[in-house]
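Me: I want to go through this model label by label. Take each term, set the value against the cut-off, and conclude.

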Amino acid sequence: MFDYDVLTAYHLSDVPESSTIINKPVSYFEKNKDLIILFSIITGVLMTIIGLLLYAIREKNILNQKTLEIADLNQEVVDTQKVLISKLGAVIETRSFETANHVKRVARVSAFLAKEYGLSERDVAILTTVSPMHDVGKIGIGENILHKPGRLSEQEFEIMKYHTSIGYEILKNPEREMLRYASLVALEHHEKWCGGGYPSGKAGEDIHIFARI
């Protein structure tokens with residue numbers, strides 16, 4: 001057994017391997033071993049959390065970017081639908097010997113009535129876009145009936161009624177909101193509140209509000 005202070009004082013270091021040294025100072029690590037281990041664990045956990053947060057932020061930014069791209073694509077689809085609806089409406093009205101301003105007036109009047117009724121701004125915008133499509137089914141009606149100068153016969157009128165169903169078949173698309181509403185307007189715009197309209201004889205609120213307007 002050797003005293004550490006004595007060994008140091010006499011600069012002795014060569015002692016037997018089985019010797020015991022007393023009064024040897026404790027190193028900083030040994031003295032604070034538990035605290036150092038705890039600090040290392042806490043640091044490791046915090047670094048892991050920070051890494052996960054950074055990864056989550058990166059993934060969120062990527063997702064947000066993709067969401068913006070999808071939103072832009074969706075808006076482009078909606079804008080394309082609006083343009084096509086407007087163009088097709090103008091074509092149909094021209095074929096019916098109406099002026100292009102007719103469909104614009106229909107859209108404006110529909111928007112005015114929708115606002116007065118209390119529809120949301122979004123619904124007003126949708127109705128404004130789809131309302132010019134109400135007579136799109138006339139594209140399937142023969143010109144001898146469509147352009148007849150006098151009163152239609154009973155048989156001719158029955159044929160004319162089909163323009164509502166034809167319009168619906170042309171426009172129906174459950175996956176495209178604009179076309180879905182346009183098809184409803186085309187189908188139901190000749191229904192009457194009292195139930196005497198066509199093609200289904202719907203009455204009251206069974207008729208879609210867009211078609212009623």
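Reply: Read along the sequence, the pattern is β-α-β-α-α-α-α-α-α-α-α. That gives nine helices and two strands. Helices (H or I, at least four residues) and strands (E, at least two) are DSSP runs, numbered from the N terminus. The model is predicted: local features need pLDDT of at least 70 and side-chain atom pairs pLDDT 80 or more, while totals for chains, interfaces and linings use all residues. Residues are numbered from 1 along each chain as its sequence is written, and side-chain values use heavy atoms, without hydrogens and water.

Me: What makes H189 buried or exposed?

Reply: H189 has a relative accessible area of 18%. Buried means under 20%, exposed over 50%, partly exposed in between (1.4 Å probe, protein chains only). So H189 is buried. H189 sits in the loop between α8 (177-188) and α9 (209-212).

Me: Which side chains make polar contacts with the side chain of H189?

Reply: One is D135, at 3.1 Å. Another is H163, at 3.5 Å. A polar contact is a pair of N or O atoms within 3.5 Å; within protein, one must be able to donate a hydrogen and the other to accept it, and residues adjacent in sequence count only if both atoms are side-chain atoms. Leaving aside neighbours within four places in sequence, H189 is in contact (heavy atoms within 4.5 Å) with H134, D135, H163, T164 and A211.

Me: What makes D135 and K138 a salt bridge?

Reply: Their closest N and O atoms are 3.2 Å apart. The rule asks for a side-chain nitrogen of Lys or Arg within 4 Å of a carboxyl oxygen of Asp or Glu. The pair forms a salt bridge. D135 is buried at 9% relative accessible area. K138 is buried too, at 17%.

Me: How many salt bridges does this rule give?

Reply: Seven. One of them joins the side chains of R122 and E177 at 2.7 Å, N to O. This pair links distant parts of the chain: R122 is in helix α5, E177 in helix α8, 55 residues apart. E177 is at 25% relative accessibility, so it counts as partly exposed.

Me: What does the salt bridge between K202 and E188 tie together?

Reply: K202 lies in the loop between α8 and α9 and E188 in helix α8, so the pair ties together parts that are 14 residues apart in sequence. The N to O distance is 2.7 Å. E188 has a relative accessible area of 4% and is therefore buried. K202, at 28%, is partly exposed.

Me: Which residues have the most contacts inside the largest nonpolar core?

Reply: L119, I126, V130, L171 and F210, in a core of 17 residues. The elements giving two or more residues to this core are α4 (100-117), α5 (121-130), α8 and α9. Helix α8 supplies the largest share, five residues. The term stands for buried Ala, Val, Leu, Ile, Met, Phe, Trp, Tyr and Cys residues joined through side-chain atoms within 4.5 Å.

Me: Which residues form the nonpolar patch on the surface?

Reply: I37, L38, I41, I42, V45, L46, M47, I49, I50, L53, L54 and I57. Patches take residues with over 30% relative accessible area and no salt bridge; like charges are joined within 9 Å, nonpolar side chains (Val, Leu, Ile, Met, Phe, Trp, Tyr) within 5 Å. Together the members have about 1,100 Å² of accessible area (Shrake-Rupley method, 1.4 Å probe; for residues, only the protein chains shown count as cover). L54 lies in helix α3 (residues 33-95). With a relative accessible area of 55%, L54 is exposed.

Me: Why is F2 called partly exposed?

Reply: Because its relative accessibility is 30%. F2 is found in strand β1 (residues 2-3). Not counting residues up to four places away in sequence, F2 touches L7, V15, P16, S19, T20, I21 and I22.

Me: What sets the backbone of H11 and N23 apart for comment?

Reply: H11 has a positive phi of about 55° although it is not a glycine. N23 also has a positive phi, near 60°, and is a residue other than glycine. H11 is in the loop between α1 (4-9) and β2 (21-22), and N23 in the loop between β2 and α2 (28-31). H11 is exposed, at 72% relative accessible area.

Me: Which peptide bond is cis?

Reply: The bond from Y198 to P199, with omega near 10°. P199 lies in the loop between α8 and α9.
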